[in-house]
Amino acid sequence: MTFYKKLSPLYNLAVFYFIISFLLRIVLFFHPITQSSFTIFQSLKIFSLGLISDFFVFVIASIFLWLYLIFVSNSKYNKPSGYIILGVFVALFLYVASGKSIFDEYGGALPGIILIFIGIKTALFALLLFLPKWRDKIRFWLFAFVIFLYVLLILQNSLSEYFFWNEFGVKYNFIAVNYLIYTNEVIGNIMQSYPVIPLFSGLFLVTGITTYFILKNSKTFIAEIPNLNQKLKLSGVYIVLVLISLIAIPTLAKTENSKNVFVNELQANGLYKFYLAFQNNKLDYFKFYKTLPNGKASEILKQQFSNLTGDDTNRDIKGDSLENHKNVVLITIESLSAEYMKSYGNEQNITPFLDSLAQRSLQFTNLYAAGNRTVRGLEAVTLCLPPTAGESVVKREDNKNKFSTGSIFKQKDYNVKFMYGGDAFFDNMQDFYSGNGYQIVDKSSFSPDEITFSNVWGVCDEDMYRKSIKLMNAEAKENKPFFNHIMTVSNHRPFTYPNNKIDIPGDIKSRDGGVKYTDYSLRKFFEMASKQPWFKNTVFVIVADHCASSAGKTQLPLDKYRIPAFIYDPTGKPSKYNQLMSQIDLMPTLFGLLHFDYQSKFFGQDVLKPGYKPRAFIATYQDLGFIKDNVLTILSPKQTVKQYKLKLNPKPGVAQEYQIYYDEIPLKTERTDLINETISFYQTASGMLKKKKYQK
């Protein structure tokens, strides 16, 4: 057997992987969400360095195939070694089955998975041991299964990368890691969003055909099993490649340094991006980011607040008149980008009610979402602190008894609820809100007759609003004010909702339809609420949790963080606030309108107070952005800092206060004052959470 034939299974699978990766890059390169043009140099960089990265990633990913191949032999079935090995397998199986193995200490599904794996290995080894006449055929079909599995995983990963790009405009990131945890919602979303049966039928058909051709060119390995000496040579070559790959992969990742984010994403290998996201789900600010001496950070922070005294954000907030204990309903709307509203330039008329409600409200025209996930939006309006690196506080273990908007309302003797039409277990919402004193109302609280329509994310918004009206009517009879935080679900893929409600059918799964149905449901809610005796004594806060997409040419594209927000008081007068502000400022501003006296730890501020200095926070799970003075400052891991001048790219026919598009031009001269201010905010917020100083 020639050395080439010894490598044939690895070689043929590698060629297949490179072809699929190349085709995937071509598809993503021309995908509509890839809103960029590329130079010849950038294109060459994407495909050449991308291919090299794919090679080294494949070397690492094929480790299980290599282990399988080097253990293929006939000699291990000879007497007495065959019986000894079988005895060891049986003993291992009984050890794990006893329920007292080391795997049981980890709990969960791990012991069961290990038991199934050892059971299958034991059964297969016994078949090959006791049926020598069938050994070649059994081994061939096992070999075929392994090749089939690798081909399937390569194709499945490519499909997953495509759909992830289709949704987020990036290769795998932190969101993909989160989705592994909530398999029920994610699998359900896939089932309801895409033609799963034809998709997977095609997937298995292509996998079967590809496996046939790879087997045809690789079965010599099984027919003429390499001897020990040949396997040692093969292993030597493979181990050298693995060692080179361990150095080459992170080195190549450092070349993903273009100012055009799409270049970096297309060049990157999706599997390695997933690994990085998994590794970086917890980021210690003080280890990975640029810092200042604590004293200096505190001094800079004091310049941004009018009445700080200590090293953190503790301060007294005094109302300018008697407190007004009106009911408060906070509605965070799923994925409602500012660009969907008429005032921001949308011409499709998909938010007619919100457009009209904005004109009757205190409207915040220049507000930015803190992040690009629901948990970031919930964190922003609940904890009113900047989005710190890594996981949202909502999903951290240390997420309870925090200083929150709910704790302020509790101090004022309000009933406090979090209402969600889906399963509040998703994204750890139940653990977070119940651990911070909120009563949870989710899908499990609905009786069957209260549900007219539901999908994988939960009941439709109309059902949630009807339920909330019932609960608020009951609360109003308790002679206590209420604070109810409602999180919507309908404007989320698969964008299904009841038919015959709007002029876009609910079963065509249209994003525009999801937006319009969300708007329609909100109108129905206000129609119901306006008939209730508590309506005129209630303030309604409406804000998006985040934008519909975070994909853009830059690290933090500003238009992908601009969201609508307004406060509607049935007895109030409409007005606009056009200054720059953050999602974390919304609730402190509401408290100011209600003239609340309280001791605050919030980083968010009442923007209507004279001392407020306009700024906004925007972030991914690792890039921490700060907008001020028309400059975007970004802190990233490895103590990296970047700054961009923001140049308005106006859209014709849109008023100045509603313009959302900016060109981000790298600053030639560093604004050290803004860098230090950015660090002071994020460093102090991270430090307070780390030292448990953000408790109520």
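Q: How many salt bridges are there, and what makes a contact count as one?
A: The count comes to 30, where a salt bridge is a side-chain nitrogen of Lys or Arg within 4 Å of a carboxyl oxygen of Asp or Glu. This is a predicted model, in which local features need pLDDT of at least 70 and side-chain atom pairs count only at pLDDT 80 or more, while totals for chains, interfaces and linings use all residues. Residues are numbered from 1 along each chain as its sequence is written, and side-chain values use heavy atoms, with hydrogens and water left out.

Q: Why is the contact between Asp-54 and Arg-25 called a salt bridge?
A: The closest N and O atoms of Asp-54 and Arg-25 are 2.6 Å apart, and the pair is counted because this distance falls within the limit. Helices here are DSSP runs of H or I with at least four residues, strands are runs of E with at least two, and both are numbered from the N terminus.

Q: Are Asp-54 and Arg-25 buried or exposed, and how do you know?
A: Buried means under 20% relative accessible area, exposed means over 50%, and partly exposed lies in between (1.4 Å probe, protein chains only). Asp-54 has 2% relative accessibility and therefore counts as buried. Arg-25, with a relative accessible area of 4%, is buried as well.

Q: What makes Asp-284 and Lys-690 a pair that links distant parts of the chain?
A: Their side chains meet in a salt bridge of 2.9 Å, N to O. Asp-284 sits in the loop between α14 (270–279) and α15 (285–288), Lys-690 sits in helix α24 (residues 672–690), and the two are 406 residues apart. At 29% relative accessibility Asp-284 counts as partly exposed, while Lys-690, at 52%, counts as exposed.

Q: Which residues form a network of salt bridges?
A: Arg-373, Lys-395 and Asp-427 are linked in this way.

Q: How do you know that the span of helix α5 agrees with its number of residues?
A: The expected span is 1.5 Å times one less than the number of residues. For the 17 residues of α5 (residues 81–97) this gives 24 Å, and the end C-alpha atoms are 24 Å apart, so the two agree.

Q: Why are the buried residues of α5 said to line one face of the helix?
A: Gly-82, Leu-86, Phe-89 and Val-96 are the buried residues of α5. Seen down the axis, they fall within an arc of 90°, so they line one face; the arc is that of the directions from the helix axis to the C-beta atoms. The face turned away from this buried side carries the exposed residues Ile-84 and Leu-94.

Q: What is the phi of Lys-509, and where does Lys-509 lie?
A: Its phi is near 60°, a positive value in a residue other than glycine. Lys-509 lies in the loop between β9 and α22 and, with a relative accessible area of 33%, is partly exposed.

Q: Which residues lie nearest the centre of the largest cavity, and what is its volume?
A: The volume is about 320 Å³. The lining has 27 residues, of which Glu-334, Ser-335, Thr-374, His-492 and His-546 lie nearest the centre. Helix α18 gives the most to this lining, with three residues.

Q: Which helix supplies the largest share of the lining of the second largest cavity?
A: The largest share, four residues, comes from α2. This cavity has a volume of about 70 Å³, and its lining includes Arg-25 and Asp-54.

How values were computed:
On a 1 Å grid over the protein atoms alone, a cavity is a set of points where a 1.4 Å probe fits but cannot get out, and a pocket is an open set with protein on both sides within 12 Å along at least five of seven lines; lining residues have an atom within 4 Å of a point. Grid points are joined across faces, edges and corners, and a volume is the space filled by probe spheres set on the points.
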